[in-house]
Amino acid sequence: RITGPMTQLEASLNIVKQALKLDASDRLDIVSIGAGAWASVFASLLKKKYAGLEDKVRVRVWRRPGKRLSAAQASKLLQQINRDADVLQRLRDNGQLLRYVDASLGRAQDRPLTADEALRDGFCDTLEGATLLPMDVCEDLEQAVMDADIIVNGVPSTNTTEVWAPLAAAIARRQKPPPAIISLAKGVEFCSEPAPHILTPTRLIHRCTGIPLERLLYFGGPNIAIELWRGEYATARLCGADEVRVPLAGMLSQSQLSVWHNRDVITHEVMGGLKNVYAVASGIVDEACKHSATANSVLFSNICAEMTFITHILSRRPETLSGPLMADTYVTMLAGRNAWYGRQLASGALSPADGDIVPGKGHIQGPSAVHAFASLMSCATAPLGEDGRDCAAIDILPTLKGLDALLFHGGTIKDFVENMRAESRQDPSERLLSRAVHEGLCFMPTLLVPDTTGDRQDRVKVLKQRNCPLPSVSTKKVPSLPSLAEAFLSDDKLAAIGIDVENMDAFRRNYAAFRAGNAVGASGEAMVVACMQKS
């Protein structure tokens, strides 16, 4: 019987070992590849949770060796050290304190202070203001992946192939079952062959290494790394196959972190990349419009329509994605590095030519995500052009198109903001979120799985058979109806209970006409008056 917290922790580890086909006596070996802000916090949270059980679980981190810390970075770390008496005493005792003093003053050292050395002392070079746990940094990555039972992927999506492809031979030499991969990366890569599509980090790792898909999981959610480390309550999703997902969710859950879980890996990965796109836009508008709440709300309405439309292009069940996507977008707009990057662009502190790696912030995923989604939407067609003709999806996604122009084709902040204002003269949701779109007219399975075929003409035929009107370029609103004494359910409630909203609109008009005295029934049919004759 489980009676104490220590036994519960051991039990959760044993359940994971069983799922990974390990002996209960084996030590669970966890290695994080990459040590950015999120990966470092993730590893530190695990190490903190299982403190005292080092003989049963080991948490290590690998990062690219040799990255020198600047004098400015060392100075900030030294200020942080001096604010924490325990950390100050620890670094005095182990002789590391003078390393930070000398580096902050720019003094020459036989061995320059590096980011991996700081990580051993409990500092992440891209997470200013946080003191983590001192980490065990492994230097031999190939040996680490041969030993690891769980590998955490903390590598930006743009570097996935570069880091993982050389590890294929080491993984093939493993004497253990394939490791479970928990990917933290939020990004996508555009591929043009065999058909235009995007690849997510888990699929790139599978392609590079041959690790079975059922061992590849995605972990992410609407949270900010430093706030999670400080103990703020948060939620996250672990997506993957049932066999390993459920035990791992239990292992990762903490008092301040609720881990939800489901099977849908790829679409949640894609949505994690998509929110980075629109977070950049939010930062630009926030700064360019002097933090106007009204301007921000207009943009948020527009980007919600665009993001929801993209989910309808990519997913058969987009309704399951709207909550996680909007929550992740919201928190990134408030405090994420992609929104910060957008503000720097709008203020002139940074320019697109400066690249997407920023000292003190690390790799900004937004620009590469903009490129990937803009390339993908340029290849996707939707029958939403004039008179229902096909058009490139990018042409009806002005925010995405504007970001692509700004970041990669010489566009300006002024042009971007003015275009956003011009596009806001009409409600984008009337075209992007029409009934036909909700019915699956624009769904293109090949954009995520290139060997899957789908004929949109068949979908058009089905919609016509259902008497579902196809959308056109017109975005005129339905004229307002006369006020009626009887209450009607709102459109969202009607849709939620399965009632055809467009048919209900026609019913409302006919009923209003009937109330006005026209000789039609409540449903528009001609009135039939029966006369009773006496026999």
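User: What classes of residue make up the lining of the second largest cavity?
Analyst: In this predicted model, the lining of the second largest cavity has 6 nonpolar residues and 1 polar residue, with no charged residues.

User: Which residues are they, and what volume does the second largest cavity have?
Analyst: The lining consists of Phe42, Leu45, Leu46, Phe219, Leu252, Gln254 and Leu257, and the volume of this second largest cavity comes to about 50 Å³.

User: Which helix gives the most to that lining?
Analyst: That is helix H2, spanning residues 37-49, which gives 3 residues.

User: And the largest cavity, what is its lining like by class?
Analyst: The largest cavity, with a volume of about 120 Å³, has 6 nonpolar, 4 polar and 2 charged residues in its lining; among the lining residues are Tyr218, Arg237, His268, Met271 and Asp328. Strand S8 (216-220), helix H13 (265-288) and helix H15 (322-335) are the elements that each give two or more residues to this lining.

User: Switching to packing, how many residues are in the largest nonpolar core?
Analyst: The largest nonpolar core has 60 residues, and those with the most contacts inside it include Val270, Phe309, Met377 and Leu400. Helix H13 supplies the largest share of this core, with 10 residues.

User: What does Met377 touch?
Analyst: Leaving aside residues up to four places away in sequence, Met377 touches Ile310, Ile313, Ala392, Ala393, Ile394, Leu397, Leu400 and Leu447.

Key: Residues are numbered from 1 along each chain as its sequence is written. This is a predicted model: local features need pLDDT of at least 70, side-chain atom pairs count only at pLDDT 80 or more; totals for chains, interfaces and linings use all residues. Side-chain values use heavy atoms; hydrogens and water are left out. On a 1 Å grid over the protein atoms alone, a cavity is a set of points where a 1.4 Å probe fits but cannot get out, and a pocket is an open set with protein on both sides within 12 Å along at least five of seven lines; lining residues have an atom within 4 Å of a point. Grid points are joined across faces, edges and corners, and a volume is the space filled by probe spheres set on the points. Helices (H or I, at least four residues) and strands (E, at least two) are DSSP runs, numbered from the N terminus. Ala, Val, Leu, Ile, Met, Phe, Trp, Tyr, Cys and Pro count as nonpolar, Asp, Glu, Lys and Arg as charged, and the others, Gly among them, as polar. A nonpolar core is a set of buried Ala, Val, Leu, Ile, Met, Phe, Trp, Tyr and Cys residues joined through side-chain atoms within 4.5 Å. Buried means under 20% relative accessible area, exposed over 50%, partly exposed in between (1.4 Å probe, protein chains only). Contact means heavy atoms within 4.5 Å.
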